[in-house]
Amino acid sequence: MNSKERVFSAFKRGGRGSPPDRVPFQFDLCRSLTDHFGKKLGISPSYTPSYYEDLSYRISANEIRTKMGSDCVVVGGQVAKGFTPKPVRDDITANEFGMHMKPTPLYVEVVKCPLEEAETTADVEAYPFPDPHAPGRMEDAKRDIEKFGKDYFIIGDCELSLFELAWHLTGLEKYLIGMASEDEWIETLNDKVEYFTTGIAEQLARAGVDAIWFGEDLGSQISTLISPDMWRNVFRPRHERIIKRVRAINPDILLIMHSDGAVAPLLDDFIEMGIDIYNPVQPNVPGSDPQELKNKYGGHISFFGGIDQQRLLPEGDLKKIEADMRNRAAILGKNGGYLMAPAHIIQADVAPETVEGMLRIAAAL
């Protein structure tokens, strides 16, 4: 059973088809870890610059990650051909959306939003939104699909889909106040964001990915960031329109919904929308107990993620890591329905030796 067959077998949950020979595994690495393992393996990392910087590490260095043991390859939209980040000051640059981005030891942070002064629909209309169909947008994605598509499960990344991309353009506080006040410009902005994400998703579906990975980060450590009813009224119809268009291209494509935080109140909605896989199953937040999730939803949706990287992986205790991974494999992976992974991109606060230990454990499950 190769990696592609293993993941497809896992997602045919409920006893349908052949069970996987082991729980499949996926992971992403930050730049410092990618560079470390590239040097160790003698492979020069191939970086794909994404239109939002953190996504670059999801869709880059697939040769390194597959050599290390990932069953999946992740591809996605990259910056338009010929675009380079524009220097602003010090180490801050402006990306394709005009967001001012500052690198930190863990992430790249938005320090200035291009629409933070917007007050009217005309202000939003005047903003030069990137073209999702710009030349070069799918260049590396098509290359990696051609190279890895026969042997590995190919995930097309559309993270920062709607809510999260919109508020990154305005700032979270301004966006939430605009939504609560029902400002007219909010609808215009949401339309533009939906158009961009639809364009990326459709191109990935046509390029031949096995799954589309939507992503929002709708939750905090204790609750959803907006009320479930507001999400249902404002965003669910938009997700459903995108899903309809993607499935018109490939009716068999699998759909993944990513949201960090405590978003259990939205799981029934995800299922009703036609989402096949819930990610990242963030541990240590309300509604994330593996057994409760499997009991309630295991017959309706698969799970992807689950390994804690807020504390467990940075602490580096391999005995605790193995116990946690075996527990999640036994529960979430029972009768299939589970792609094991860290709950986010593995950051520089995780030692390379811990990453290697995690991969040895995963291969033995």
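A crossing of two helices is called left-handed if the near helix is turned anticlockwise from the far one by less than a right angle. I kept this term at hand while reading the structure, which is a predicted model.

**Entry 1: helices H8 and H9**

I looked up how helix H8, residues 172-181, lies against helix H9, residues 184-207. Their axes are 8 Å apart and form an angle of about 115°. I noted that H8 passes H9 in a left-handed crossing. I then listed the residues that meet: Lys174, Tyr175, Gly178 and Met179 belong to H8, while Trp185, Ile186, Leu189 and Asn190 belong to H9. Sorted by class, this contact has 5 nonpolar, 2 polar and 1 charged residues.

**Entry 2: Glu194**

I stayed with helix H9, where Glu194 is placed. Is Glu194 buried or exposed? I recorded a relative accessibility of 10% for Glu194; buried means under 20%, so Glu194 counts as buried. Leaving aside neighbours within four places in sequence, I found Glu194 in contact with Leu162, Arg238, Arg241 and Ile242.

**Entry 3: helix H2**

I turned to helix H2, residues 31-41, and found Leu33, Thr34, Phe37 and Gly38 buried. These residues lie on the same side of H2, because they cover an arc of only 130° around the axis. I recalled that an α-helix has 3.6 residues a turn, so residues three or four places apart point the same way. On the other side of H2, I noted Lys39 and Lys40 as exposed. The cover over the buried residues of H2 includes helix H4 (62-68) and helix H16 (352-364). Lastly, I checked Gly42, which follows H2 and has a positive phi near 75°.

Key
Residues numbered from 1 in each chain as written. Predicted model: local features only at pLDDT ≥ 70, side-chain atom pairs only at ≥ 80, totals over all residues. Heavy atoms only, no water. Axes fitted to C-alpha atoms, helices over the stretch in contact; angles between N-to-C directions. Helix = DSSP H or I, 4+ residues; strand = E, 2+ residues; numbered from the N terminus. Contact = heavy atoms within 4.5 Å. Nonpolar A, V, L, I, M, F, W, Y, C, P; charged D, E, K, R; others polar. Buried < 20%, exposed > 50% of the residue type's maximum accessible area, 1.4 Å probe, protein only. Arc of directions from axis to C-beta.
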